[in-house]
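The entries follow the order in which I looked things up.

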Amino acid sequence: MNETERLERRLLKDTACAIQDFELVEEGDKILVAVSGGKDSYTLLHLLSRLRERAPIGFDLVAVNLDQGHPGFPAHVVEEHFKKVGVPYRMLRQDTLTIVKRIVPEGGTYCSACSRLRRGILYNAAVEMGCNKIALGHHRDDLIETLLLSALYAGRLATMPVKLRSDDGRNVVIRPLAYAAEEEIAAFSEAMGFPIVPCDLCGSQPNLQRKRVKALLAGLQAEHPAVKGNLLTALSKVVPSHLLDRDLQRRLGETTGRDPWFEVEAG
Ligand code: SF4
């Protein structure tokens, strides 16, 4: 077995584990696989296709690429890849860049508005195509970076959900690469020669907070190789009684939620 096959085997195992742990794929599913043209989504499409060939249940995949109107976006490169690997696909085009430029204040970063608009378009496309699920290529590093970003900059302990029904109830978003390490995805994507289309054609500004958190994690990982894996494990080993969420404490019956019996005056 060569290195590429070893990587593929590890990634297939991570993906299959996440699928089983969170029941991400079920009999009869028709899954829209969002493929941006980056390493993560190409790898996701490849792994889901391989698992589909071996799965004891039947489910379908449709690869979807969205051209968001960024100057020079080479949609044909992604389409050629779909044809080459022989997966059913749909190419969409909607100019969200113009909207993003209009709604994001001068000096702000585009990425969050851009992704929100992209998600909305994909939700509608999934309904129109009869897909009951949307698979996104976020991986372990995205999850742990989001956990730190959320705690450090928003004061909230949360990350990207591995499985989530959309607010309007029309779609279920799944993240089958939740357990897969970014460095392994990057190495596999390179070994497979996926035709990468960079996600920076909009010329957007760097997302400084995410970059800093990424660099922080890389530094800690260099000192202690288990850091990233431990953070992911921490997400699945929550000790509610040792946290300060009073609503959660109430739901667990640890506190009653009664009004305070003394008043503390503001100093
Ligand atoms: S880099 Fe550009 S295309 Fe990618 S999410 Fe950010 S704004 Fe959108």
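**Entry: helix α6, its cover**

I began with helix α6 and looked up what lies over its buried residues: the cover includes α7, α8 and α9 (227–236). For contact I used the rule that two residues touch if their C-beta atoms, placed from the backbone, lie within 7 Å. Helices (H or I, at least four residues) and strands (E, at least two) are DSSP runs, numbered from the N terminus. A residue is buried if 20 or more other C-beta atoms lie within 10 Å of its own, exposed if 12 or fewer, and partly exposed in between, with C-beta atoms placed from the backbone.

I noted Arg140, Asp141, Leu143, Ile144, Glu145 and Leu147 as buried in α6. The helix has 15 residues and reaches 20 Å from its first C-alpha to its last, close to the 21 Å expected at 1.5 Å a residue. The expected span is 1.5 Å times one less than the number of residues. After α6 I found glycine 155, with a positive phi near 60°.

**Entry: how the model is to be read**

This is a predicted model, in which local features need pLDDT of at least 70 and side-chain atom pairs count only at pLDDT 80 or more, while totals for chains, interfaces and linings use all residues. Residues are numbered from 1 along each chain as its sequence is written.

**Entry: the whole protein**

I listed 10 helices and six strands. The C-alpha atoms fill a box of roughly 70 × 45 × 45 Å, taken along the principal axes. Of the 267 residues, 27% are buried. I also looked at contacts between residues at least 6 apart in sequence: 77% of them join residues at least 24 apart.

**Entry: α6 against α8**

At what angle do the axes of α6 and α8 cross? I found that helix α6 (residues 140–154) and helix α8 (residues 208–223) cross at roughly 115°, their axes coming within 10 Å. Axes here are lines fitted to C-alpha atoms, for helices over the stretch in contact, and angles run from 0 to 180 degrees between N-to-C directions.

From α6 the contact uses Ile144, Glu145, Leu148, Leu149 and Tyr153, and from α8 it uses Gln209, Arg210, Val213, Lys214 and Leu217. I sorted the residues of this contact into six nonpolar, one polar and three charged. In that sorting Ala, Val, Leu, Ile, Met, Phe, Trp, Tyr, Cys and Pro count as nonpolar, Asp, Glu, Lys and Arg as charged, and the others, Gly among them, as polar.

**Entry: helix α1**

I then turned to α1 (residues 3–22), which has 20 residues and spans 29 Å from first C-alpha to last, close to the expected 28 Å. Which residues of α1 are buried? They are Glu8, Leu11, Asp14, Thr15, Ala18 and Ile19. An α-helix has 3.6 residues a turn, so residues three or four places apart point the same way.

The buried residues of α1 pack against α2 (39–54) and α7 (182–192). On the face turned away from the buried side I noted the exposed residues Glu5, Arg6, Arg9, Lys13 and Gln20.

Cysteine 17 is also in α1. It counts as partly exposed because it has 14 C-beta neighbours inside 10 Å. I looked up its separation from glutamine 209: 192 residues in sequence and 30 Å in space, C-alpha to C-alpha.

**Entry: glutamate 23**

Glutamate 23 sits in the loop between α1 and β1 (30–34). Its phi is positive, about 50°, although it is not a glycine. Is glutamate 23 buried or exposed? Glutamate 23 is exposed, because 9 other C-beta atoms lie within 10 Å.

**Entry: threonine 96**

I found threonine 96 in the loop between β3 (89–93) and α4 (97–103). With 22 C-beta neighbours inside 10 Å, threonine 96 counts as buried. Leaving aside neighbours within four places in sequence, threonine 96 is in contact with Gln68, Gly69, Cys114, Leu117 and Arg118. Serine 115 is 19 residues from threonine 96 along the chain, and their C-alpha atoms are separated by 9.7 Å.
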